[in-house]
Amino acid sequence: MKYIFIDTNLFIDSVTSNEGENILSLIIKQLNKKSVKIVLPEVIKAEILTQYAYWKDGVIENVKGNLTTMNILGVKEGLTETDKKNKKKNKGETEAEKINCVIEPHRKVMIKKIEGHYKSITKKIEQVFKHKNTEII
């Protein structure tokens with residue numbers, strides 16, 4: 001019997017890398033062998049889930065922020081409340097609204113794909129943790 005012990009930082013580094021899904025698939029493949037077990041302390045499992053969730057949420061929020069039309073165009077500030085009431089708009093903000101209408105559907109699709117990727121990784125992490133050859137101690 002081979003026993004695998006998971007270090008929190010190495011696990012997080014591997015699943016947040018470009019090869020995260022492949023690494024998790026390889027771990028699951030190894031666990032499917034009857035001669036391999038993961039020994040996972042409860043505290044390590046909690047650390048991994050917490051750190052991964054924090055990292056994933058941060059990435060998704062950064063993507064959403066970076067994909068805003070104002071950010072893409074480099075417009076630093078929007079209209080102030082006073083300007084909105086007086087309906088004073090400068091040309092950059094008016095153009096940003098037009099561009100936003102054009103790219104909004106594409107932005108939503110892109111964000112859904114990114115969220116889907118992280119849901120897939122989360123699902124694989126859960127498969128590892130719930131696998132019959134994973135022993136939570």
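This is a predicted model: local features need pLDDT of at least 70, side-chain atom pairs count only at pLDDT 80 or more; totals for chains, interfaces and linings use all residues.
I started with the helix contact: in H1, Thr8, Asn9, Phe11, Ile12 and Val15 meet Ile44, Glu47, Ile48, Gln51 and Tyr52 of H3. By class I get 6 nonpolar, 3 polar and 1 charged residues for this contact.

Then I checked the geometry of the pair. The axes of H1 (residues 8-15) and H3 (residues 42-66) come within 10 Å and cross at roughly 35°. I noted the crossing as right-handed.

Next I went through the salt bridges, and the structure holds 3.

Lys37 and Glu135 pair through their side chains at 3.5 Å, N to O. This one links distant parts of the chain, with Lys37 in strand E2 and Glu135 in strand E3, 98 residues apart.

Glu115 bridges to Lys64, with the closest N and O atoms 3.7 Å apart. Glu115 sits in helix H6 (residues 91-130) and Lys64 in H3, so the bridge ties together parts 51 residues apart in sequence. Lys64 comes out partly exposed at 32%, and Glu115 is partly exposed at 24%.

Glu104 and Arg107 meet at 2.6 Å, N to O. Both are in H6, 3 residues apart, about one turn of the helix. Glu104, at 26%, counts as partly exposed.

Last entry: Val75, in the loop between H4 and H5. Val75 is partly exposed at 23%. Its C-alpha is 8.4 Å from that of Ala96, 21 residues away in sequence.

How values were computed
Residues are numbered from 1 along each chain as its sequence is written. Side-chain values use heavy atoms; hydrogens and water are left out. Axes are lines fitted to C-alpha atoms, for helices over the stretch in contact, and angles run from 0 to 180 degrees between N-to-C directions. Helices (H or I, at least four residues) and strands (E, at least two) are DSSP runs, numbered from the N terminus. A crossing is left-handed if the near helix is turned anticlockwise from the far one by less than a right angle, and right-handed if clockwise. Contact means heavy atoms within 4.5 Å. Ala, Val, Leu, Ile, Met, Phe, Trp, Tyr, Cys and Pro count as nonpolar, Asp, Glu, Lys and Arg as charged, and the others, Gly among them, as polar. Buried means under 20% relative accessible area, exposed over 50%, partly exposed in between (1.4 Å probe, protein chains only). A salt bridge is a side-chain nitrogen of Lys or Arg within 4 Å of a carboxyl oxygen of Asp or Glu.
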